[in-house]
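Biologist: I would like to learn how to read a model of this kind. Could we take the features one at a time?

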Amino acid sequence: MLRDLVRAFVDKELIPLENAFGPRREIPPDVMRGLQAKTKEMGLWMLDVPEEYGGASLDLLSRCLIDEQVGRTALFHWHSHPLFGPALRPVLRYCNEEQKERFLWPVLRGEIRICFAQTEPDAGSDPASIRTRAVRDGEDFVINGAKRFITAAGESDYAQLMAATDPEKGSKGGITVFMVDLQSPGVTVTESWPNITGESLWEIALDNVRVPNANIIGELGQGFELGQKFLTEARIKSHGARSIGAAQRALDLMIEYSQQRVTFGQPLSDRQAIQFMIADSAMEIRMARLLTYECAWRSDRGEDIRDLSYMVKIQGTELVTRVADRAIQVHGGMGVSTELPLEHFYREARAVRINEGATEVLRWRLARNLMRSPRRS
Ligand SMILES: Cc1cc2nc3c(=O)[nH]c(=O)nc-3n(C[C@H](O)[C@H](O)[C@H](O)COP(=O)(O)OP(=O)(O)OC[C@H]3O[C@@H](n4cnc5c(N)ncnc54)[C@H](O)[C@@H]3O)c2cc1C
């Protein structure tokens, strides 16, 4: 029921808007507010937020079903759409009572925005080696360093920022999450180079920035663990589920177009070369979908799903790259036009194989864990 409800909403309200706002598909704020009013009315508001905070309290599997449907439209960038209101990112779950008042509630009321700042110029895939340093000074920490490629930093009030509090310890207790006010003296936020997705990414420079001890989220030294929690969930929902949705739409368009388009006197769909692309895409989507659902279901049962989440992210993002590529090929010149969503899926798919765990690194971690594990099935 949930899936059908969202599918109908996407078909009726979102897909028709895909070409309404130019090739960059920037949705005007009033249109977005209108869409949000509709999702709220449907009871799809603050999906991961517990009911006591006014949210829908949905489990990960349900959120995957929803994100899969949203993934079918080219209206949004992969991991940032405000359609269902503010999300309770895993790191925010670790706010203490006092921090809830300053960060959690304002986020849920839509008053402040918080970005996630881990990557640095010299530390991307290996966050344990971050160099941004936080040194205690009385009631404060003083932070120096630089962050790179941060989504939404330019529109955010705070950054959940990873800094080394004990560099010797690295990932084993040496990194802490600080809530850094981006208006603080010593913070400079500048836009990074434009990238393939069209979405802005940002650099954050920190020069002797004072952050009160009270802005540590979780425990001192717990930052690596909290960062991984955030990324694990994102890999399943944002990357796995959305990739499947985009791939499914690309396949649907591919089938439809191949049946209409006649070349050399016959529809494309009569050609075996095209049929193989359709068959392979359908099989691959089904496999990735089952894997994603299994992973979300196991996560909801409280199982350790780190390895499965690596598989989901690799499978999903490589799948959508392949299927979008095939669908573009079948559409010929139309395939690369902004009139269709395919070029958007293709560009986004290229980027999501890098962020939140690049493919090679996830494969390597998966293999390493498998070799260590006594149980492999
Ligand atoms: C669209 C987008 C949004 C982003 N948003 C954010 C954000 O909001 N917050 C944030 O903190 N970061 C963000 N990032 C940064 C992203 O997380 C990093 O780009 C990513 O972790 C890779 O780091 P890197 O770019 O330094 O590449 P590197 O770590 O230098 O890796 C380069 C290449 O080498 C490969 N590689 C690295 N190590 C190994 C190894 N051991 N074996 C084999 N291959 C290896 C990688 O797979 C990759 O292909 C974003 C990036 C993009 C593209």
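The dialogue below goes from the whole chain to its parts and then to the ligand.

Modeller: This is a predicted model, in which local features need pLDDT of at least 70, side-chain atom pairs count only at pLDDT 80 or more, and totals for chains, interfaces and linings use all residues. Residues are numbered from 1 along each chain as its sequence is written.

Biologist: What radius of gyration does the protein chain have?

Modeller: The radius is taken over C-alpha atoms, and the globule rule is 2.2 Å times the number of residues to the power 0.38. For 377 residues a compact globule would come near 21 Å, so the 22 Å of the protein chain agrees. Along the principal axes, the C-alpha atoms fill a box of roughly 80 × 50 × 40 Å.

Biologist: How is the protein chain divided?

Modeller: Domain bounds come from an automatic or database domain assignment. Here they give domain 1 (2-108), domain 2 (114-217) and domain 3 (225-372). The C-alpha centres of domain 2 and domain 3 are 31 Å apart. Contact requires C-beta atoms, placed from the backbone, within 7 Å; ten residues of domain 2 meet nine of domain 3 in this way. The side of domain 2 that touches domain 3 has six nonpolar, four polar and no charged residues. In these classes Ala, Val, Leu, Ile, Met, Phe, Trp, Tyr, Cys and Pro are nonpolar, Asp, Glu, Lys and Arg are charged, and the others, Gly among them, are polar.

Biologist: Is helix H3 largely enclosed or open?

Modeller: Burial is a count: a residue is buried if 20 or more other C-beta atoms lie within 10 Å of its own, exposed if 12 or fewer, and partly exposed in between, with C-beta atoms placed from the backbone. Helices (H or I, at least four residues) and strands (E, at least two) are DSSP runs, numbered from the N terminus. In H3 (residues 60-70), ten of the eleven residues are buried, so the rest of the structure largely encloses this helix. Among them are Arg-63, Asp-67 and Glu-68. The cover includes helices H1 (2-14), H5 (223-260) and H6 (272-300).

Biologist: Which residues come nearest to the ligand?

Modeller: A residue is near a molecule if its C-beta atom, placed from the backbone, lies within 6 Å of it. Of the 21 residues around the ligand, Thr-119, Gly-124, Ser-125, Asn-355 and Ala-358 come nearest. The shell divides into eleven nonpolar, eight polar and two charged residues. Helix H9 gives the most, with four residues. Domain 2 and domain 3 each supply at least three.

Methods
Contact = placed C-beta atoms within 7 Å.
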